[in-house]
Each structure stands twice: as C-alpha cells, then as structure tokens.
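Dear colleague,

I am passing on the structure we spoke about, and I would be glad if you could look it over with the notes below beside you.

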Amino acid sequence: MDTLYDKWYHHDRIYLKEEADMEKRILAFDFGASSGRAMLSHFEGNQLKAEEIHRFSNDPVVLNGVLYWDIVRMMFEIKKSISLALAKGGFDAIGIDTWG
C-alpha cells in the first residue's frame with residue numbers, strides 16, 4: 001500500500017516516487033536583442049548540464065517606422081529547436097527567457 005511519502009501530486013496527476021525520481025529534461029530558449037538559442041538541460045546529481053542545440057539570428061523587422069521582433073521567424077526557430085530536441089531524446093518542459 002502506498003503512503004503519502006511514496007507519491008506526489010502535480011496538476012491533478014499522481015506521480016509515483018519512481019516516476020518523480022526520473023531525469024527531467026528541459027528545453028530552454030533564450031531570445032536576445034540580436035540572437036537566440038535553444039538549450040537542452042538536465043541535472044546530473046547536483047549539477048545542471050546544458051547543451052546548446054540551436055543558435056539563430058533574431059533580426060527585428062520595421063513596420064511603419066517602428067522596430068518589432070519578427071515573431072513569425074521566432075516561431076519557425078522554436079519549431080526547429082523542438083524538432084532537434086526530440087531527435088536528441090525529447091524533453092519534459094519548455095522555458096522561454098526574453099530580452100526587451
């Protein structure tokens with residue numbers, strides 16, 4: 001019989017302890033002023049390991065004299081990065097960090 005210590009809850013789903021102890025992989029995006037990158041990360045013991053799997057240009061577009069991020073291009077690069085991460089074994093979560 002399971003005890004409360006053998007399982008934990010997250011978003012209405014019960015995870016058994018063995019499942020919770022499995023390695024989790026995170027696909028992290030960093031969008032800067034002129035470039036972006038995708039990193040595939042995981043913990044090895046107490047150490048965070050990160051591998052850059054994709055780097056791309058983040059060039060702004062001008063519309064009516066105003067600079068904007070090229071969201072269509074950014075979505076293309078996100079989808080490409082997801083495909084690359086899936087080819088490297090997949091991931092459990094996505095995080096996005098932006099500048100600007």
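In what sense do E4 and E5 pair, and over how many bridges? E4 and E5 pair in the antiparallel sense, over 10 bridges, where two strands count as paired if DSSP finds at least two bridges between them.

Before the rest, please keep in mind that this is a predicted model, in which local features need pLDDT of at least 70 and side-chain atom pairs count only at pLDDT 80 or more, while totals for chains, interfaces and linings use all residues. Residues are numbered from 1 along each chain as its sequence is written, and side-chain values use heavy atoms, with hydrogens and water left out.

The protein chain holds two helices and eight strands, and along the sequence these follow the pattern β-β-α-β-β-β-β-β-α-β; helices (H or I, at least four residues) and strands (E, at least two) are DSSP runs, numbered from the N terminus.

Four of the strands make up an open sheet with mixed pairing, in the order E5-E4-E3-E8. Strand E5 (47-57) and strand E8 (93-98) stand at its edges with a single partner strand each, so one side of each has no neighbour in the sheet. On average, neighbouring strands of this sheet are turned by 20° against each other, direction ignored.

Within the sheet, strand E3 (residues 25-31) pairs with strand E4 (residues 35-44) in the antiparallel sense over seven bridges, and the two form a hairpin with three residues between them. Ile 26 has Ser 41 in E4 as its bridge partner, and Ala 28 has Met 39 in E4. E4 and E5 form a hairpin too, with two residues between them, and Gly 45 in that turn has a positive phi of about 65°. Further along this pair, Ala 38 stands opposite His 54 in E5.

Helix H2 (residues 71-87) lies across E3, E4, E5 and E8, and runs at about 135° to E5; axes are lines fitted to C-alpha atoms, for helices over the stretch in contact, and angles run from 0 to 180 degrees between N-to-C directions.

For the chain as a whole, 22% of the 100 residues are buried (under 20% relative accessible area, with a 1.4 Å probe and protein chains only). Of the contacts (heavy atoms within 4.5 Å) with a separation of 6 or more, 41% come from residues 24 or more positions apart. The protein chain exposes about 7500 Å² by the Shrake-Rupley method with a 1.4 Å probe, and carbon and sulfur atoms supply 57% of that area.

Key. Buried < 20%, exposed > 50% of the residue type's maximum accessible area, 1.4 Å probe, protein only.
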